[in-house]
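Hello,

Here is the structure I said I would pass on. Please open it first, then read the notes below it.

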Amino acid sequence: DGYWEMEAYPWDVAAGVLELTEADGLVCRADGDQIDFRQATSIVAANRNIHNELLDALAEGKLPTHST
């Protein structure tokens, strides 16, 4: 499974980030950099099997970057 959000706030995702990383999942910004929990940011979270594929799909515009 994977999740992405282009404008996530720390209070909305911090607990999930902790839970996922404890389960050996990967979490980063949509550009692949580390998340800065001091401000709103993009987030990509997934298991190790699909994390890079999810990042690539976002970068290639194959996934929506906003809610419709």
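Strands and helix

Strands S1 and S3 run antiparallel and are joined by five bridges. Within that pairing, Trp4 has Val44 of S3 as its bridge partner. Please keep in mind that this is a predicted model.

S3 also pairs with S2, again in the antiparallel sense, over three bridges. There, Val27 stands opposite Ala45 of S3.

How many of the six residues of S3 are buried? Six of the six are, so the strand counts as mostly covered, where buried means under 20% relative accessible area. In a regular strand the side chains alternate between the two faces of the sheet. In S3, Thr41, Ile43 and Ala45 point one way, while Ser42, Val44 and Ala46 point the other way, and all are buried.

Next, the helix. H1 covers residues 10–22, which makes 13 residues. At 1.5 Å a residue the helix should span 18 Å, and its end C-alpha atoms are 17 Å apart, so the two values agree.

Which residues of H1 are buried? They are Pro10, Val13 and Val17. An α-helix has 3.6 residues a turn, so residues three or four places apart point the same way. The cover over the buried residues of H1 includes strand S1 (2–8), strand S2 (26–28) and strand S3 (41–46).

After H1 comes Asp24, which has a positive phi, near 75°.

Regards

Methods. Residues numbered from 1 in each chain as written. Predicted model: local features only at pLDDT ≥ 70, side-chain atom pairs only at ≥ 80, totals over all residues. Heavy atoms only, no water. Helix = DSSP H or I, 4+ residues; strand = E, 2+ residues; numbered from the N terminus. Expected span 1.5 Å × (residues − 1). Buried < 20%, exposed > 50% of the residue type's maximum accessible area, 1.4 Å probe, protein only. Contact = heavy atoms within 4.5 Å. Pairing = 2+ DSSP bridges.
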